[in-house]
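Here's a walk through this fold, meant to be read with the structure open beside you. Let's take it one neighbourhood at a time.

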Amino acid sequence: MASSQLMHRSAGCFALALALPSGGNRSAARVRCSFPRTYEELQKGVGLEELVRGAESAGARGRSKLLRRSGNEDDVDRRRTGGTRSSPPPSRNGSSMAPADLDCEHFSRCSGCVIDKALDEPRVMRDAVSFFKRHAVDDMALTTVGVWDWRCRAKLAVRGTCDNPLIGLYEEGSHVVVDIPNCRTHHPRINAAVELVKEAIRTLGVEPYNEETHTGQLRYLQMVVTTFNSSLPAAERYAEGKVQVTLVWNAREEKSVEADLLQPMAEFLWQKGGLGRRGSTPILHSVWANFQTTRTNIIFGGKWRHLLGEQQLWERVGGADICFTPASFGQANVQAFEALLRRLQKKVKRDSAVVELYAGVGIIGISLAVTRACRSVKCVEVNKEAKDSFQLSLARVPDSVDCKISWHCADASVSPINWLEGAEVVIVDPPRKGLDAPVIEALRLASLRGQGKQKSPSSSNVNRVEKRPWIVRAKQDSVVKDSASDWQEEVDVIWPDTLIYVSCGWESFKRDCAALIEGDAWHLDDAHAFNFFPGTDSIETLAVFKRGKSTGTKSSKKKAGRRTGPIPFHRKVGKGALPKAKQ
């Protein structure tokens with residue numbers, strides 16, 4: 001997702017940015033993936049028996065709460081056997097059809113999750129399946145990688161007092177912060193890091209922010225887990241992830257009076273959870289500060305400071321090493337995003353010329369260059385902060401990758417047609433609001449030109465356009481890795497024949513889709529959904545459009561032994577389809 005969406009994601013949609021929970025794949029080694037929850041456990045380490053007893057105790061509290069809500073003990077027992085914190089998840093590909101329920105003690109107040117039952121069956125999929133069937137895509141399915149512990153990125157509000165800090169999300173429709181120490185969707189290392197921050201607040205007397213008086217020191221936290229650790233076997237890297245902590249401080253800068261406790265707090269966290277932690281694996285990757293003094297809901301200010309730990313945060317995504325800064329946008333559900341990238345890569349022909357709009361730090365573009373042997377990949381992004389991350393990632397692209405890769409700092413909505421010429425595949429990954437109107441018009445125009453229904457501009461017009469200020473600036477701010485091959489120039493002008501749309505907003509996608517296919521400019525060829533935010537009624541959609549009018553109805557490809565229920569949208573990664581649901 002493009003970093004141009006940071007303001008939209010982090011500020012404009014504050015409730016969503018804070019609320020969508022986190023977690024990973026609650027898989028076979030559930031006990032091995034359990035982590036200390038309290039500061040005392042963090043400090044001295046904790047054995048397996050203590051962890052199990054803690055999980056059982058938490059389970060008892062959750063059971064009591066569920067009983068009060070439902071009044072049905074049998075129902076509670078059925079749901080808890082389907083997904084307790086100390087048990088592996090139910091398999092929906094085997095004989096058991098136990099639901100993947102949330103079973104979280106914070107659900108009744110926390111705004112992060114709106115669904116607590118059947119997390120692998122978001123209700124929006126009914127509309128999605130029906131929508132794509134109307135557009136001749138009959139095999140729309142949903143990939144769910146895991147419904148617990150999936151969130152590797154979390155923005156949390158800090159309120160309360162220094163004796164009783166509250167760290168969590170806003171209660172729905174209010175600015176009352178709900179403390180969520182045992183969030184079931186957070187990666188367990190995030191919950192452990194939150195407990196460490198609470199202990200630092202109590203020990204040092206750090207004042208949480210007060211919105212009414214605009215006083216206090218610590219306003220928000222950002223927690224980002226990196227699973228990039230080549231010293232560990234691949235199967236263990238997710239569980240042993242480290243957390244990059246950003247402290248959003250109510251001060252203008254590091255040297256101001258209000259920031260006098262910032263460095264002591266960073267050092268406390270690093271001693272207890274970083275490399276200074278004795279006898280245990282560090283849980284912290286680094287500590288950063290962001291300075292924010294405005295009286296708004298905007299989470300981040302414009303000033304960042306690296307305090308302790310590693311400066312770059314790396315992640316292995318889509319077959320490429322990608323560098324992130326705390327200001328970079330990254331997907332919270334790393335495992336689901338990996339599944340989306342693998343499917344997207346298969347939709348791009350080898351040796352293609354690709355342009356990506358709303359590119360952010362260039363994750364999709366770089367991954368395609370590495371895995372699909374593209375001739376060229378051009379990434380367009382408005383946020384200049386993404387440039388350094390792209391440059392560092394580009395330096396790790398193997399020399400064997402023979403592709404011209406470039407990143408350009410430009411607003412994709414300003415003269416977007418100039419970025420589309422010469423590309424065979426265009427990829428768009430807009431914010432939740434969807435595509436900008438000029439981008440939609442440019443995509444339609446590019447398709448019509450590719451079909452010969454609209455003439456391309458003359459070379460003199462192109463030269464005049466190329467001299468416009470924003471095009472010149474985009475070239476000056478670009479980052480380029482040239483190809484070793486001398487690709488032969490095309491005689492005819494090329495326009496995209498494939499459009500790949502990655503959408504996080506279902507309603508905006510439907511609106512954009514209607515505009516794109518109008519007048520047979522494009523037609524839908526394929527679509528798939530991904531459960532990026534289990535616990536919410538939302539999906540991430542990967543849709544493939546082809547240029548012009550459809551040549552016929554796309555037939556469903558049924559695998560041998562496939563059995564589908566009344567709504568065929570259940571799919572697990574690498575597991576085929578689910579058994580037919582009971583009628």
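Start at Cys-504, which sits in the loop between β16 (498–503) and α17 (506–517). Helices and strands here are DSSP runs (helices are H or I, at least four residues; strands are E, at least two), numbered from the N terminus. In an unreviewed entry, UniProt puts the feature "active site" at Cys-504. UniProt positions follow the numbering used here, feature names are shortened, and annotations may be inferred rather than shown by experiment. Is Cys-504 buried or exposed? Its relative accessible area is 5%, so Cys-504 counts as buried. For that term, buried means under 20% relative accessible area, exposed means over 50%, and partly exposed is in between, using a 1.4 Å probe and protein chains only.

A word on ground rules: this is a predicted model, so local features need pLDDT of at least 70 and side-chain atom pairs count only at pLDDT 80 or more, while totals for chains, interfaces and linings use all residues. Residues are numbered from 1 along each chain as its sequence is written, and side-chain values use heavy atoms, with hydrogens and water left out.

Now move on to the aromatic rings. Rings of Phe, Tyr and Trp (its six-membered ring) pair if their centres lie within 6.5 Å; planes under 30 degrees apart count as stacked, over 60 as edge-to-face and the rest as tilted. The structure holds 14 such aromatic pairs. In one of them, Phe-131 and Trp-506 have ring centres 5.4 Å apart and planes at 85°, which makes the pair edge-to-face. Phe-509 and Phe-545 make a tilted pair, 6.3 Å centre to centre with 50° between the planes. Here helix α17, which holds Phe-509, is linked to strand β18 (residues 540–547), which holds Phe-545, across 36 residues of chain. Both Phe-509 and Phe-545 are buried.

Which residues do ring pairs link into a cluster? They are Phe-131, Phe-132, Tyr-501, Trp-506, Phe-509 and Phe-545. Phe-132 is in helix α6 and is buried, with a relative accessible area of 0%. The C-alpha atoms of Phe-132 and Lys-510 are separated by 9.8 Å, although the two residues are 378 apart along the chain.

Next, look for empty space. Rolling a probe the size of a water molecule over the atoms shows where empty space is left. On a 1 Å grid over the protein atoms alone, a cavity is a set of points where a 1.4 Å probe fits but cannot get out, and lining residues have an atom within 4 Å of a point. Grid points are joined across faces, edges and corners, and a volume is the space filled by probe spheres set on the points. Searching the whole structure turns up 7 cavities of 30 Å³ or more. The second largest cavity has a volume of about 120 Å³. Of the 13 residues lining it, Arg-153, Glu-315, Phe-324, Gln-331 and Val-334 are the closest to its centre. At least two lining residues come from each of β5 (218–226), β9 (313–317) and α10 (334–346), and β9 gives the largest share, with 3 residues.

UniProt, again in an unreviewed entry, places the feature "binding site" at Gln-331, Tyr-358, Glu-381 and Asp-429. From this set, Gln-331 is part of the lining of the second largest cavity. Glu-381 belongs to strand β12 (residues 376–381), and at 1% relative accessibility Glu-381 counts as buried.

Finally, the cysteines. How many disulfides does the structure hold? The count is 0, where a disulfide is a pair of cysteine sulfur atoms within 2.5 Å. The sulfur of Cys-113 is 6.2 Å from the closest cysteine sulfur, in Cys-110, too far for a bond. For Cys-379, the closest cysteine sulfur is in Cys-403, 9.4 Å away and also too far for a bond. Cys-113 is buried at 10% relative accessible area, and Cys-379 is buried at 0%.

Conventions: 1 Å grid on protein atoms, 1.4 Å probe; cavity = no way out; pocket = protein on both sides within 12 Å on 5 of 7 lines; lining within 4 Å.
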